[in-house]
Amino acid sequence: QSIPVSELPMKVYEPALNTGPDSSCGLATAGFRTAKYLPEEWHQHNYSQYHQAFADRDHSERCRLEAQNLAAYTAELAQRTQEDSTSKVGERLQDIHFWKSELQRMIEDLAAETNLLAAQKLRLERVIDATEIPYSIATDNLQCRERRQPPDLVRDQVEVELLKEAELIRSIQELLKRTVKQAVNQMQLNRDHKQICEMDWSDKIETYNIDEKCGRYNNQSTNIQFHPSSSKFEDSASTPETWAKRSRGNIHRAEREELASINLRALVDNILHDTTEDLRMQCDVVNQAFAQRCEEMEDATHKLEHHLQKTLKEIGEQEHNIAALKQAIKDKEMPLKVAQARLYDRSFRPNIDLCRDAAQFRLISEVEELTASIEALKKKLLESEQALRNLEDTRMSLEKEIAVKANSIFIDRQKCMAHRTRYPTVLKLAGYQ
C-alpha cells in the first residue's frame with residue numbers, strides 16, 4: 001500500500017549561514033544551498049515506492065483473479081439462465097400449441113356443425129315449399145266440392161278430413177318456419193363463437209410464431225440487439241391462469257353452442273319425420289274417405305238407376321194399362337148403346353104391353369151395370385193417369401238425382417282424386433328433394 005504523504009519524515013531545512021567552517025558567502029554557491037532530501041529520506045522514499053508497487057501488483061492480481069472467476073461464473077450463469085429461459089419458452093410453446101390445437105379443433109367442429117345445420121335449414125325450407133302443393137291440393141279439393149249440387153252438397157267425412165288436412169298443413173308450416181328462425185339464430189351463434197375462437201386462434205398463431213422465433217435465438221444470432229426498456233412488465237399483461245382461463249372459456253362456450261346445434265339438428269330430424277308421417281297419414285285418410293264416398297255415391301247411383309229402370313218399366317206398363325182402360329171404356333159404349341136402345345125402343349110398346357117384365361128389369365140392370373162399370377173404369381183411368389204422372393215425376397227426379405250423383409262422382413274422382421295424385425312423395429316431404 002502507498003504511504004500517505006502526511007506520514008513521510010519532514011524535510012530538514014538548514015538555513016545558509018554566513019558563519020561556520022563550511023559556510024560560503026558568495027554568489028557561486030547560491031544554487032547549491034537550497035533545501036534537499038536526506039539520504040535516509042531517499043532510501044525511505046525508495047522503500048515506499050517498492051512497497052507501493054508490490055501492493056498495487058498484489059491488488060491487481062487479486063482483482064484479476066476475481067474478474068476471471070466472476071467472468072467464468074457470469075458466463076456459466078448466463079448460459080444456464082439462457083438455457084432455462086429457452087426451456088421455459090419451449091414449455092410455453094407446448095402450452096400455446098395445445099390451446100392452438102384445441103381452438104383449431106373447435107373451429108373445425110363449429111364449421112362442420114354449422115354446415116350440417118345449414119343443410120337441415122335447407123331441408124326445412126324445401127319442406128315448407130313442398131307443403132304448398134298439398135295445401136293447394138286440399139284447398140282446390142274443397143273449392144271443387146263446393147260445385148256439388150244439392151242434395152249432394154253435404155258436409156261429409158271427406159270435407160271434414162280435407163279441412164283437417166288444410167289446418168294440419170298450416171300448423172306444420174308455422175312450426176317449420178319457427179324452426180327455420182331458430183336454426184338461423186343458432187347458425188349465427190355458431191359463427192359468432194367460431195369467430196371468437198378464430199381470433200383467439202389467430203392470437204395463438206402469432207404468439208407461437210413469436211415464441212418460436214425467440215426460442216431459436218442464440219448468442220450467434222445476427223438479428224438480435226439491445227432493447228433496454230423491454231424488461232418491464234406491461235400493465236395490460238395477463239397471467240398464465242387468466243390466459244388459459246380465457247381460451248378454456250371460449251372453447252367451453254363454443255362446445256355449448258355446438259351441443260345446442262346438435263340437439264337442434266336432432267329436433268329438426270324428429271320434426272321432419274313426424275310432420276312427414278302426419279301429412280302422409282292424413283293424406284291416406286283423405287284418400288280413403290274419398291274412395292269410400294265415391295263407393296257410396298256409386299252404390300247410390302246404381303240403386304237410383306235400378307229404381308229408374310223399374311220406374312221406366314212401370315211407366316210403360318201403366319201406359320199400357322191406361323190404354324187398356326180407355327179401350328175397356330170404349331168397349332162398354334156399344335153394349336150400353338144396345339141396352340139403352342132396347343129400353344128406348346121398348347118404351348114405345350102399346351097399351352097393356354108396356355109391361356115391367358123380366359126383360360125390362362134385366363135391361364135396366366144391364367144399363368146400370370154398364371154405367372157403373374164405365375164410371376169405375378173412368379175412376380181407375382184417372383187414378384192410373386195420376387199414377388203415370390207420379391211415375392213421370394219420379395223418373396225426372398231419379399234422372400236428376402243420377403245426374404247430381406254423376407256430377408259428384410266426377411268432381412270427387414276425376415277432379416279431386418286425380419289432383420291428389422300430385423301429392424309430394426315422402427322424400428320430398430322430408431326435404432331430401
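Predicted model: local features only at pLDDT ≥ 70, side-chain atom pairs only at ≥ 80, totals over all residues.
Is Glu159 buried or exposed? Its relative accessibility is 15%, and because anything under 20% is called buried, Glu159 falls into the buried class. Leaving aside residues up to four places away in sequence, Glu159 touches Leu142, Arg145, Glu146, Arg148 and Val154.

Let me move on to the aromatic side chains, where the count comes to three aromatic pairs. In one of them, Tyr47 with Tyr50, the ring centres are 6.3 Å apart and the planes stand at 70 degrees, so this pair is edge-to-face. Both tyrosines, Tyr47 and Tyr50, belong to helix H1, where three residues, or about one turn of the helix, separate them. Tyr47 has a relative accessibility of 53% and therefore counts as exposed, and Tyr50, with 52%, counts as exposed as well. Another edge-to-face pair is made by Phe98 and Trp99, with 5.1 Å from centre to centre and 75 degrees between the planes. Here the two partners are classed separately: Phe98, at 44% relative accessibility, is partly exposed, whereas Trp99, at 12%, is buried.

Lys100 lies over the face of Tyr208, at 5.5 Å from the ring centre. In the second case, Arg123 is placed over the face of Tyr432, and the distance to the ring centre is 4.2 Å.

Next comes Leu103, which is found in helix H1. Why does Leu103 count as buried? The reason is that its relative accessibility is 0%, which puts Leu103 in the buried class. Which residues does Leu103 touch, once those up to four places away in sequence are left out? The contacts are Cys197, Asp200, Trp201, Lys204, Ser247 and Ile251. As for distances across the model, Leu103 and Ala341 are 238 residues apart in sequence, and their C-alpha atoms are 133 Å apart in space.

I will finish with a loop residue, Thr239, whose place is between H2 and helix H3, the latter covering 240-346. At 37% relative accessibility Thr239 counts as partly exposed, because that value lies between the 20% and 50% limits. Thr239 and Ala324 are 85 residues apart along the chain, and a distance of 125 Å separates their C-alpha atoms.

Notes: Residues numbered from 1 in each chain as written. Heavy atoms only, no water. Buried < 20%, exposed > 50% of the residue type's maximum accessible area, 1.4 Å probe, protein only. Contact = heavy atoms within 4.5 Å. Phe/Tyr/Trp six-rings, centres within 6.5 Å; stacked < 30°, edge-to-face > 60°. Helix = DSSP H or I, 4+ residues; strand = E, 2+ residues; numbered from the N terminus. Lys NZ or Arg CZ within 6 Å of the ring centre and 35° of its normal.
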